[in-house]
Amino acid sequence: MKNQRIFPGIILLGFGGYFFLEQANITLFDGLHTWPTLLIIVGLAFLFQGYLAKDYDAILPGVILAGFGLHFHVIKHLTIWPNSTGAFILIIALGFLLRYQKVGSGLFQGLLFLVLAIMLLFYEKIIDWLGFFENGITSVLNYWPILFIGFGAYLLFVRGK
């Protein structure tokens, strides 16, 4: 990390405020004194480090930690919020895409995670939309993860040489 004062400063401010509110028994909102709040604090520290100190590699872990913490808070209060693997993958995709804006690398990973998140979040709608291919495509859809395995093996072993 280039500027070492921002990350620990945010961590100390955030954790100090968190534990002060807990000891003083002050509740700003329901569920404040839980571990997802600590994830958000650490994620925000990474994001401040990434954007203020121009340490852009801190953006990805910042988005992931803050996003996961926010997800665990929001899931309890919004019924429309998805409680599936697709939500986590969408947060990771957002992290890669925001990092790409500053660093210029990671676009492929961000788009790959975005496509995977969309497929997982809207799987039922995609299946309904493809319903007119029912007979032939149903058996293929059961084995779609094999496409990911094959593409991953290609990237690791064939393309790298």
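Is W35 buried or exposed? With a relative accessible area of 54%, W35 is exposed, because that value is over 50%.

## Overall architecture

The predicted model describes a protein with 8 helices and 0 strands, and the order of elements from the N terminus is accordingly α-α-α-α-α-α-α-α. The protein comprises 161 residues, of which 27% count as buried.

## Helix 2 against helix 3

Two packed helices are described by the angle between their axes and by the distance between the axes. For helix 2 (residues 35-52) and helix 3 (residues 59-74), the packing angle is about 155° and the axes are 7 Å apart, which makes the two helices roughly antiparallel, since the angle is over 145 degrees. The crossing of helix 2 and helix 3 is left-handed.

On the side of helix 2, the contact is made by W35, P36, T37, L39, I40, V42, G43, L44, F46, L47, G50 and Y51, while helix 3 contributes I59, P61, G62, V63, L65, A66, F68, G69, L70, F72 and H73. Sorted by class, this contact of helix 2 with helix 3 holds 17 nonpolar and 6 polar residues, with no charged residues.

## Helix 3 against helix 4

Helix 3 also packs with helix 4 (residues 85-103), their axes coming within 8 Å and crossing at roughly 150°; that angle makes helix 3 roughly antiparallel to helix 4. Here the crossing is right-handed, whereas the crossing of helix 2 and helix 3 is left-handed.

The residues of helix 3 that meet helix 4 are I59, L60, V63, I64, G67, F68, H71 and F72, and their counterparts in helix 4 are A87, F88, I91, I92, L94, G95, F96, L98, R99 and K102. By class, the contact of helix 3 with helix 4 has 13 nonpolar, 3 polar and 2 charged residues.

## Aromatic pairs

A search of the whole structure finds 9 aromatic pairs. One of them joins F7 and F46 in a tilted arrangement, at 4.7 Å centre to centre and with 55° between the planes. Because F7 lies in helix 1 and F46 in helix 2, the pair ties together parts that are 39 residues apart in sequence. Both F7 and F46 are buried.

A second example, formed by W35 and F72, is likewise tilted, with 5.0 Å centre to centre and 55° between the planes. W35 lies in helix 2 and F72 in helix 3, so this pair ties together parts that are 37 residues apart in sequence. Whereas W35 is exposed, F72 is partly exposed, with a relative accessible area of 26%. W35 and F72 also belong to one aromatic cluster, together with F68 and F88.

Leaving aside neighbours within four places in sequence, H73 is in contact with F29, G31, L32, T34, P36, T37 and I40.

L12 is found in helix 1 (residues 6-23) and, with a relative accessible area of 65%, is exposed. The C-alpha atoms of L12 and I41 are separated by 9.6 Å, the two residues being 29 residues apart along the chain.

## Loop residues with positive phi

Most residues other than glycine have a negative phi. N25, in the loop between helix 1 and helix 2, has a positive phi near 60° although it is a residue other than glycine. At 66% relative accessibility, N25 counts as exposed.

K54 is placed in the loop between helix 2 and helix 3, and this residue, which is not a glycine, has a positive phi of about 55°. With 49% relative accessibility, K54 counts as partly exposed.

Methods: Residues are numbered from 1 along each chain as its sequence is written. This is a predicted model: local features need pLDDT of at least 70, side-chain atom pairs count only at pLDDT 80 or more; totals for chains, interfaces and linings use all residues. Side-chain values use heavy atoms; hydrogens and water are left out. Helices (H or I, at least four residues) and strands (E, at least two) are DSSP runs, numbered from the N terminus. Buried means under 20% relative accessible area, exposed over 50%, partly exposed in between (1.4 Å probe, protein chains only). Axes are lines fitted to C-alpha atoms, for helices over the stretch in contact, and angles run from 0 to 180 degrees between N-to-C directions. Angles under 35 degrees count as roughly parallel, over 145 as roughly antiparallel, 65 to 115 as roughly perpendicular and the rest as oblique. A crossing is left-handed if the near helix is turned anticlockwise from the far one by less than a right angle, and right-handed if clockwise. Contact means heavy atoms within 4.5 Å. Ala, Val, Leu, Ile, Met, Phe, Trp, Tyr, Cys and Pro count as nonpolar, Asp, Glu, Lys and Arg as charged, and the others, Gly among them, as polar. Rings of Phe, Tyr and Trp (its six-membered ring) pair if their centres lie within 6.5 Å; planes under 30 degrees apart count as stacked, over 60 as edge-to-face and the rest as tilted.
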